[in-house]
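Colleague: I have not worked with this structure before. Could you walk me through some of its features?

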Amino acid sequence: LSSAVNATIDVGTATLTITDDDGPTISITDIEVGEEDGDIEMTVSLSDVSFQDITVDYISSDGTAMSSSDYSAVSGTITLLAGHETQKITVSILDDLFDDLNETIGITLYNAINATIEDDIGIITIIDDDLPPTVYSESMTTDESGGEIAINVSLDLASDFEISVDYLFTDITTTTGEDYTD
């Protein structure tokens with residue numbers, strides 16, 4: 001303070017303290033994993049080192065993957081200790097023998113303390129590693145009395161995909177048109 005008019009100055013200096021409330025931001029990675037990978041880790045990161053402990057809650061959610069058949073659901077709270085920039089969330093991927101499409105899981109961050117959430121959803125893409133099913137047909141025997149016969153066609157494993165197969169009748173000891181029609 002200086003140049004007072006009609007007054008005297010007792011203390012000429014004042015201190016102003018500005019509290020930094022910008023804090024770091026939190027984000028979570030997106031990753032691709034194989035069905036056979038078992039326990040995998042999602043990385044939660046800070047934009048800057050913090051001098052305060054930071055906590056954030058998380059929860060998994062089904063995308064196209066289903067909890068209990070494709071992965072084990074998770075939820076909880078992680079703490080990023082002062083001076084640390086990353087923390088891990090572990091998710092168990094469950095292998096199956098089902099030929100299906102690649103599937104997704106979401107891990108959502110919420111309720112951050114001492115930081116702001118920048119990217120709140122991490123996507124886990126599970127890459128399918130299963131072979132397609134094998135198609136089988138049964139040999140059939142019938143007498144010449146006539147009528148229709150159904151030939152059963154089956155798969156050794158279930159599949160998420162529509163399965164089609166071409167077929168062809170081949171004469172070995174029969175003649176098309178005389179012994180059968182296709």
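Colleague: Which residues form the nonpolar patch on the surface?

Modeller: In this predicted model, the nonpolar surface patch is formed by L101, V135, M140, I149, I151, V153, L155, F161, I163, V165, Y167 and F169.

Colleague: And how much accessible area do they have together?

Modeller: Together they have about 1100 Å² of accessible area.

Colleague: Where is V165 placed?

Modeller: V165, one of the patch residues, sits in the segment that comes after strand 11 (153-155).

Colleague: Let us turn to charges. Which residues make up the negative surface patch?

Modeller: That patch consists of E36, D37, D95 and D129.

Colleague: Where is D37 found?

Modeller: D37 belongs to the loop that joins strand 2 (31-34) and strand 3 (39-46).

Colleague: What about D100: is it buried or exposed?

Modeller: D100 is buried, yet it has no salt bridge. The nearest side chain of opposite charge is that of K88, 26 Å away.

Colleague: Which residues does D100 touch, then?

Modeller: Leaving aside residues up to four places away in sequence, D100 touches E35, D128, D130, D160 and F161. Of these contacts, F161 is also a member of the nonpolar patch. D100 itself lies in the loop between strand 6 (86-92) and strand 7 (103-113).

Colleague: Where is S68, and is it buried or exposed?

Modeller: S68 is located in the loop between strand 4 (54-62) and strand 5 (75-80). With a relative accessible area of 66%, S68 is exposed.

Colleague: What is the phi of N114?

Modeller: N114 is not a glycine either, and its phi is positive, at about 75°. N114 is in the loop between strand 7 and strand 8 (116-117), and it counts as partly exposed at 36% relative accessibility.

Colleague: One last residue. Where is E148?

Modeller: E148 is placed in the loop between strand 10 (135-137) and strand 11. E148 is exposed, with a relative accessible area of 85%.

Colleague: How far apart are E148 and T181?

Modeller: In sequence, E148 and T181 are 33 residues apart. In space, they are 9.7 Å apart, from C-alpha to C-alpha.

Terms used
Residues numbered from 1 in each chain as written. Predicted model: local features only at pLDDT ≥ 70, side-chain atom pairs only at ≥ 80, totals over all residues. Heavy atoms only, no water. Patch = residues over 30% accessible without salt bridge, like charges linked within 9 Å, V, L, I, M, F, W, Y side chains within 5 Å. Areas by Shrake-Rupley, 256 points an atom, 1.4 Å probe, with all protein chains shown as cover. Salt bridge = Lys/Arg side-chain N within 4 Å of Asp/Glu carboxyl O. Helix = DSSP H or I, 4+ residues; strand = E, 2+ residues; numbered from the N terminus. Buried < 20%, exposed > 50% of the residue type's maximum accessible area, 1.4 Å probe, protein only. Lys, Arg positive; Asp, Glu negative; His and termini not counted. Contact = heavy atoms within 4.5 Å. Charge placed at Lys NZ, Arg CZ, Asp CG, Glu CD.
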